[in-house]
Amino acid sequence: MRIERVELHTIGMPLVRPFETSFGRQTERDVLLAHVVGDGVDGWGECVAGTTPDYSSEYVAGCAAIIERFLVPALLAASDVTADGLDELFAGVIGHRMAKATLEAAVLDAELRSTGTSFGERLGAVRDRVECGVSVGISPDIETLLEEVDGYVEAGYRRIKLKIKPGWDLEPVARVRERIGTLPLQVDANTAYTLDHVDHLRRLDEYGLLLIEQPFVEEDIAAHALLADSIDTPVCLDESITSTGIAIDAIQRGATSIVNIKPGRVGGYLEAVSIHDACRALDVPVWCGGMLETGIGRAMNIALAALPGFALPGDTSASSRYFAEDLTEPFVLDDGYLAVPTGPGSGVTVRTELVERWAVAEPRVFT
Ligand code: OSB
Ligand code: MG
């Protein structure tokens, strides 16, 4: 298709409760949206970058700059744009995967709408619903944490993930394990530890965790391999996994025996499928991570999580876990599952009146 117009919108959406990780505390999501129009169809993509470069080096305003200055001109200049061809079209820009993923999602959405195909069909979904977990932030105290966990268990979530950091790890894990019995439990450190903590982290082994996510800094694959050799809890990389090649390398080096796949982090849904395929060939289970997505990214993530290698529940929670009102029709948990959308493209409809109402800046329009 030929892309005739690209709009960039930035909106602010309050979270229903603050979300605290080892790297920061967030009360609102700053969302950059790309809307592409061409050949009589349109599509939306959501950027997963945060307001500040604390989870990765990318951040909202930086993504907007890369998109405006380099990616949109390439898109508008091309006579025939396909999602498959974007890798080549954007080859002049190194990295900036979250920025590229934003436009890839919008182009895929438009392309699929033009043929009446759903994301699930295009990506290779084999299930019509996906099992859901929930990511629980660091709490002011244990009682508040237990209350929050109780609510999620009550809501039907099939797996709990606790954010941990030095000083907030063994006790919350022990108390939550005691509270939830045998419900699957995992932890995410978002790079908060070092190799000096190996003996300490080994103490997590007694809580029967599904996995420990990204204990060390993202560049240090070797440290994760060392830890994996020293503890029984499976090590799972998140931040470190930015491409298929890096995923294969980390697996072969024994640094990760389970992989968290986030489309935004790896440059888009097509690369996410490629990582899924590589992991499947190596018999490594994967699960779908989350970045507090609105209904747009959530719809696409749920389609991805329906691929055969997604063997563990994802951070694909219901809309209500994040927002009082979502940007699309809300995703509602049913017995711990979310249904894979079946309509063309993402299968959801963006509520453009909300895009306008929640705008924090004038939209930028490129033709
Ligand atoms: O590390 O998985 C992470 C949110 C923002 C940035 C990083 C992470 C997260 C989450 C939330 O854990 C997952 C979600 O519910 O979307
Ligand atoms: Mg993580």
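Mentor: E178 has a relative accessible area of 65% and so counts as exposed, since the cut-off for that class is over 50%; please keep in mind that this is a predicted model. The side chain of E178 meets that of R175 in a salt bridge, with 3.9 Å from N to O. Because the two residues are 3 apart in helix α6 (residues 170-180), about one helical turn separates E178 from R175, and R175 is partly exposed at 28% relative accessibility. In general terms, side chains of opposite charge can pair when their charged atoms come close.

R113 and D109 form a salt bridge whose closest N and O atoms are 2.9 Å apart, and since they stand 4 residues apart in helix α3, about one helical turn lies between them. Here R113 is partly exposed, with 29% relative accessible area, whereas D109, at 0% relative accessibility, counts as buried.

The salt bridge between R158 and E131, at 3.7 Å from N to O, has another setting: R158 lies in the loop between α5 (142-155) and β6 (160-163), while E131 belongs to strand β4 (residues 129-131), so the pair ties together parts that are 27 residues apart in sequence. R158 is partly exposed at 24% relative accessibility, and E131 is partly exposed at 31%. The structure holds 25 salt bridges, and there is also a network of them that links R159, K161, K163, D188, E213 and D315.

L162 and L304 have the most contacts inside the largest nonpolar core, which has 125 residues. Helix α1 (residues 60-77) gives the largest share of this core, 10 residues, and the core draws at least three residues from each of domain 1 (5-116 + 349-366) and domain 2 (121-339).

These two domains bring us back to charge pairing, because the rule, which asks for a side-chain nitrogen of Lys or Arg within 4 Å of a carboxyl oxygen of Asp or Glu, finds 4 salt bridges across their interface. E111 also forms a salt bridge, with R122, the closest N and O atoms being 3.3 Å apart. Between domain 1 and domain 2 there are 19 residue pairs in polar contact. On the side of domain 1 that touches domain 2, at least two residues come from each of β1 (5-21), β2 (24-38), β3 (41-46), α3 (97-115) and α13 (352-357), and α3 gives the largest share, 10 residues.

For the extent of this interface, 40 residues of domain 1 are in contact with 45 residues of domain 2, and the area buried between the domains is about 3400 Å², with 62% of it from carbon and sulfur atoms. F19, Y55 and R97 supply 20% of the area that domain 1 buries against domain 2, more than any other three residues. The centres of the two domains, taken over C-alpha atoms, are 23 Å apart.

Notes: Residues are numbered from 1 along each chain as its sequence is written. Chains are lettered from A and ligands numbered from 1 in the order in which they are written. This is a predicted model: local features need pLDDT of at least 70, side-chain atom pairs count only at pLDDT 80 or more; totals for chains, interfaces and linings use all residues. Side-chain values use heavy atoms; hydrogens and water are left out. A nonpolar core is a set of buried Ala, Val, Leu, Ile, Met, Phe, Trp, Tyr and Cys residues joined through side-chain atoms within 4.5 Å. Buried means under 20% relative accessible area, exposed over 50%, partly exposed in between (1.4 Å probe, protein chains only). Domain bounds come from an automatic or database domain assignment. Contact means heavy atoms within 4.5 Å. Buried area is the accessible area (1.4 Å probe) that two parts lose on being put together, summed over both. A polar contact is a pair of N or O atoms within 3.5 Å; within protein, one must be able to donate a hydrogen and the other to accept it, and residues adjacent in sequence count only if both atoms are side-chain atoms.
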